[in-house]
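Subject: Structure handover

Hello,

Here is the structure for your files. Please open it alongside this note, which goes through what was found in it.

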Amino acid sequence: MPLQNVESSASTPAPRLQIHSDKHTRSTEPHVHMEAPAGKAACSKHIVLVHGACAGGWSWYKVATRLRSAGHRVSTPDLAASGVDPRPLREVPTFHDYTKPLLDLLESLPAGETVVLVGHSLGGVNIALAAEMFPEKVAAAVFVTAFMPDSSSPPSYVLEKFVEGRTLDWMDTEFKPQDPEGKLPISMLFGPLVIQANFCQLCSPEDLTLGGSLMRVGSMFVDDLRLQQPYTHARYGSVRKVFIVCKDDRAIVESFQRWMIENYPVDEVMEIDGADHLALFSTPAELASCLADIAEKYD
């Protein structure tokens, strides 16, 4: 089905952007209105947008449209068993298998080309793996209210800390084993109640309908990620990182986002007020503005 850029008509306070420098970067102001003379951006970059669990590349439709209109090249890959990828989850036994479409995209880049790699939610672990494997191809890794591994613990660590913290009421989320032996990852499917209450409470009714229609069974792959070695300081750790805090997120709440930043400091922190977990839907202009500014700054 064609996707339309439907904005919410609800009366809500205008979102605000804030930027903080943490390690080596300077503080700058984002440009909320992106303009591209003659259809081209003054600083056109390749931006790769990676979706979260149970979603697909379609979830970036508002942000991707804005970035493309500003002249950037944008890729929105479907991870394995996600979006329009035809594989069922049972054919994706490991997190590496799940991430392979993204890894294939980076591997196919011409020599010397770099991308701004953006991960939302669980997509943060996908871009961390990609940065570990192809650090020379990543100009910056951007975590949008996303799980951000460190370089001293297995990549499952942040997911396990999240579950232990009990900050999310999972409500009608369904977790099911895929096989009697337990060799396959536990499946996960978000229900309509948790989506509306904790993921998309500031989204339009149209976006709720869209998300509910296109959602697929996914997994957090925690058991598999627990078996992996930490991503290394020399590779993953060498990639510049930006974290975008969504201050009204009820899924990965702000306090846990701040904990991840404290656990593994980044080069820059940006904030979007009025953004729920699906900032891709609720504050697309502000999010696109942040990403455009990052693409211009991080060569």
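Of the 299 residues in the chain, 55% are buried (buried means under 20% relative accessible area, exposed over 50% and partly exposed in between, with a 1.4 Å probe and protein chains only). Please note that this is a predicted model, in which local features need pLDDT of at least 70 and side-chain atom pairs count only at pLDDT 80 or more, while totals for chains, interfaces and linings use all residues. Residues are numbered from 1 along each chain as its sequence is written, and side-chain values use heavy atoms, with hydrogens and water left out.

The chain contains 10 helices and 9 strands; these are DSSP runs numbered from the N terminus, helices being H or I of at least four residues and strands E of at least two. Taking contacts between residues at least 6 apart in sequence, 77% join residues at least 24 apart, where contact means heavy atoms within 4.5 Å.

Helix α3

Helix α3 (residues 123-133) is mostly covered, with 10 of its 11 residues buried. Those residues are G123, G124, V125, N126, I127, A128, L129, A130, A131 and E132. They pack against β2 (46-50), α2 (95-107), β4 (115-120), β5 (138-144) and α7.

Helix α4

In helix α4 (residues 157-165), the buried residues are V158, L159 and F162. Viewed down the axis of α4, they fall within an arc of 100°, so they line one face of the helix (the arc is that of the directions from the helix axis to the C-beta atoms). As background, an α-helix has 3.6 residues a turn, so residues three or four places apart point the same way. The cover over the buried residues of α4 includes α7 (222-226) and α8 (254-263). Just after α4, R166 has a positive phi of about 50°.

Helices α1 and α10

Two packed helices are described by the angle between their axes and the distance between the axes. For helix α1 (residues 61-69) and helix α10 (residues 284-297), the axes come within 9 Å and cross at roughly 50°. Axes here are lines fitted to C-alpha atoms, for helices over the stretch in contact, and angles run from 0 to 180 degrees between N-to-C directions.

On the α1 side the contact is made by K62, V63, R66 and L67, and on the α10 side by P284, A285, L287, A288, L291 and A292. By type, the residues of this contact divide into 8 nonpolar, no polar and 2 charged. Nonpolar covers Ala, Val, Leu, Ile, Met, Phe, Trp, Tyr, Cys and Pro, charged covers Asp, Glu, Lys and Arg, and the others, Gly among them, count as polar.

A288 lies in α10 and is buried, with a relative accessible area of 0%. A288 and L67 are 221 residues apart in sequence, yet 6.3 Å apart in space, C-alpha to C-alpha.

Positive phi in loops

A81 is not a glycine but has a positive phi of about 60°. A81 sits in the loop between β3 (73-75) and α2, and counts as buried at 3% relative accessibility.

T145, also a residue other than glycine, has a positive phi near 35°. T145 belongs to the loop between β5 and α4 and counts as buried, at 0% relative accessibility.

Regards
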